[in-house]
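Thanks for asking me to look this over. Here are my notes, point by point, with the working cut-offs given as each term comes up.

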Amino acid sequence: MTKINLVFDMETGDPDDYLTLLMLLDHPRANLKAVTVTPGSPHQIGTVRHALKLFNANIPVGSFNIEHPKECVSGWHYKAFGQIAPSRDARPGHEVLMEHCDNDTTLLTGAPLKNLGRALDDPDFRLGRWVAQGGFAGDNIIDEADRLPQFDGKITCPTYNFNGDPKSALKALASSNIKFKSLVSKNVCHGVFYDQEIHDAIGKVKDKRLSLQLIHKHADMGKKLHDPLAAMVALNGHVANWAYGEVEVYRERGEWGSRRKSGTKTLIISSYNREVFINTLCEY
């Protein structure tokens, strides 16, 4: 199969970004070109470098702010992989995006969009596709049968990644330098968990890929799989069921919503195909 050129923008306050990084490092559909980190503290860069070392991956790493004073790494990372030395081996994140994003590359974002926002300040920045874990599709977009109970009745909702830097999120959504935008919205990804079915499916093929071995060993039961879902959507569009037509994503009183509008080149997920998701996750 043809590999998809990918750049992954991530954080490490939650395990699911790291699980996603592991998956992308040896997935047969992925050509991971670079990783950028928000905010990009030395402890975060050390954790990312540790993953790259496990896979003998020699790819560039970018940091939004290498001087960030806090660790910004969850305890799960150290519980799973032991004490990891900090590292300052990272370039400015926006420079990494400028160098490795182009019209044939997909940028997958699972963090506040600080690196992307800064890259978009350069008029020469170009990106073929942006797949974002973020945004929200409410009752005006989602069929009743596809609504998660906790979001039923909502048109707008706060979303962490976009609210982490709303100016950059709005800039990216409005940018004509990004050809296509695909949003894996909160109302879908909050229904995807690491459960026994996924654990068993990975267990059957875990010897085929190092990432599957690590995930099978270290993923916590019940963990939400926000970014892994977005990653599998980036690698296989059939994982997603898309809301009909293009949408405009907007922010209102600190919450995000979507409304139908043609010409935006923006699609938002309405539900997902669980069987295709698991099969794509387990490919080798």
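1. Two strands pair if DSSP finds at least two bridges between them, and the elements themselves are DSSP runs numbered from the N terminus: helices are H or I with at least four residues, strands are E with at least two. With that in hand, β10 and β11 run antiparallel and are joined by six bridges. Within this pair, E252 has E255 of β11 as its bridge partner.

2. A word on the ground rules. This is a predicted model, in which local features need pLDDT of at least 70 and side-chain atom pairs count only at pLDDT 80 or more, while totals for chains, interfaces and linings use all residues. Residues are numbered from 1 along each chain as its sequence is written, and side-chain values use heavy atoms, with hydrogens and water left out.

3. Back to the sheets. β10 and β11 belong to an open sheet of three strands, ordered β7-β11-β10, with antiparallel pairing. β7 (156-157) and β10 are at its edges with a single partner strand each, so one side of each has no neighbour in the sheet.

4. There is also an open sheet of nine strands, with mixed pairing and the order β4-β3-β2-β1-β5-β6-β8-β12-β9. Its edge strands, β4 (91-92) and β9 (240-242), each pair on one side only. At the β4 end, two bridges join β3 to β4 in parallel, and G62 has R91 as its bridge partner in β4.

5. Further along that order, β5 (residues 106-109) and β6 run parallel and are joined by four bridges; here T109 stands opposite A132 of β6. Six of the seven residues of β6 are buried, where buried means under 20% relative accessible area, exposed means over 50%, and partly exposed is in between (1.4 Å probe, protein chains only).

6. Which residues of helix α7 are buried? In α7 (residues 166-174), they are S168, A169, A172 and L173. Viewed down the axis of α7, the buried residues fall within an arc of 135°, so they line one face of the helix; the arc is that of the directions from the helix axis to the C-beta atoms. As background, an α-helix has 3.6 residues a turn, so residues three or four places apart point the same way. K167 and A174, on the other side of α7, are exposed. The buried residues of α7 pack against several elements, including α5 (114-119), β6 (127-133), β8 (178-184) and β11 (255-260); contact means heavy atoms within 4.5 Å.

7. On the cores: a nonpolar core is a set of buried Ala, Val, Leu, Ile, Met, Phe, Trp, Tyr and Cys residues joined through side-chain atoms within 4.5 Å. The largest one has 58 residues, and L21, L24, L32, L229 and F277 have the most contacts inside it. A second, separate core has 28 residues, among them A119, L173, I178 and I268.

8. D17 deserves a look. D17 sits in helix α1 (residues 15-26) and is buried without a salt bridge, with the nearest side chain of opposite charge, K223, 7.6 Å away. A salt bridge here is a side-chain nitrogen of Lys or Arg within 4 Å of a carboxyl oxygen of Asp or Glu; Lys and Arg count as positive and Asp and Glu as negative, while His and the chain ends are not counted. Leaving out residues up to four places away in sequence, D17 touches F8, M10, E11, G110 and D227.

9. F81, in helix α3, is buried at a relative accessible area of 15%. Beyond its neighbours within four places in sequence, F81 is in contact with Y18, L22, H50, L54, W76, L214 and H218.

10. Finally, some backbone details. A cis peptide bond joins T38 and P39, with omega about -5°; P39 lies in the loop between β2 (30-37) and α2 (42-54). Two residues other than glycine have positive phi: N56, near 55°, and C72, near 60°. N56 is in the loop between α2 and β3 (61-63) and counts as exposed at 72% relative accessibility. C72 is in the loop between β3 and α3 (75-81) and is partly exposed, with a relative accessible area of 26%.
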